[in-house]
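This report describes a single protein chain, from its overall fold down to a few individual residues.

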Amino acid sequence: MATPERSLVLIKPDGVKRGLVGEILTRIERKGYRIVELEMMTANPEMLADHYEEHQGKEFFPALVEFMSSGPLVAAIVEGDRVIEGIRALTGKTDPTVALPGTIRGDFGRGWGPGVQQNLIHASDSTLSAEREMEIWFGWNRAD
């Protein structure tokens, strides 16, 4: 039997602050995916620099790190068939103002004015990203 695909999911500080952790995790489980690791933590700038390495040097990067380290977040490893594609569909468009109703961002997100996008959730965009991100957040890789 093949190993199920795995993805990193982060419920960002705005999702935790707004009390949406249970709702978001419930949607993931109702979709049929399995949560195999789960931890609430406050991210440090080093983890965030690794996680958002493609954004380093961009104008919004300092504000992004400040937002993501502003309070606790929930990190999860989720597995299932085509989980990366499925979770990203469940999450909705990055901009919560235009995310479709029925998605996490479409149902619970909105614009908060200029600054860093507070869009509740992060989900890996590829198997390569998932492996790198799971290592950053959990010190985990597929061979474990």
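The model is predicted, so local features need pLDDT of at least 70 and side-chain atom pairs count only at pLDDT 80 or more, while totals for chains, interfaces and linings use all residues. Residues are numbered from 1 along each chain as its sequence is written, and side-chain values use heavy atoms, with hydrogens and water left out.

**Whole chain**

The protein chain contains seven helices and four strands (DSSP runs numbered from the N terminus: H or I of at least four residues for helices, E of at least two for strands). Read from the N terminus, the order is β-α-α-β-α-α-β-α-α-β-α. The radius of gyration is 14 Å, close to the 15 Å of the globule rule for 144 residues, so the protein chain is as compact as a globular protein of that length (taken over C-alpha atoms; the rule is 2.2 Å times the number of residues to the power 0.38).

Buried residues are 47% of the 144, where buried means under 20% relative accessible area with a 1.4 Å probe, protein chains only. Of the contacts (heavy atoms within 4.5 Å) with a separation of 6 or more, 74% join residues 24 or more positions apart. The protein chain has 16 positive and 22 negative side chains, with the centres of the two sets 7 Å apart; Lys and Arg count as positive, Asp and Glu as negative, and His and the chain ends are not counted. Each charge is placed at NZ of Lys, CZ of Arg, CG of Asp or CD of Glu.

Arginine 6 is part of strand S1 (residues 5-11), and histidine 122 belongs to strand S4 (residues 121-123). Arginine 6 counts as buried because its relative accessibility is 17%; histidine 122 is buried at 13%. Each side chain has a polar contact, meaning a pair of N or O atoms within 3.5 Å, one able to donate a hydrogen and the other to accept it.

| Side chain | Partner side chain | Polar contact |
|---|---|---|
| Arginine 6 | Glutamate 79 | 2.6 Å |
| Histidine 122 | Glutamate 133 | 3.0 Å |

Leaving aside residues up to four places away in sequence, histidine 122 also touches other residues, among them Leu8, Val9, Leu10 and His51.

**Backbone angles**

Most residues other than glycine have a negative phi. Arginine 82, not a glycine, has a positive phi of about 55 degrees and sits in the loop between strand S3 (73-80) and helix H5 (83-91). Leucine 120, also not a glycine, has a positive phi of about 75 degrees. Leucine 120 lies in the loop between helix H6 (104-108) and S4, and at 0% relative accessibility it counts as buried.

Methods. Buried < 20%, exposed > 50% of the residue type's maximum accessible area, 1.4 Å probe, protein only.
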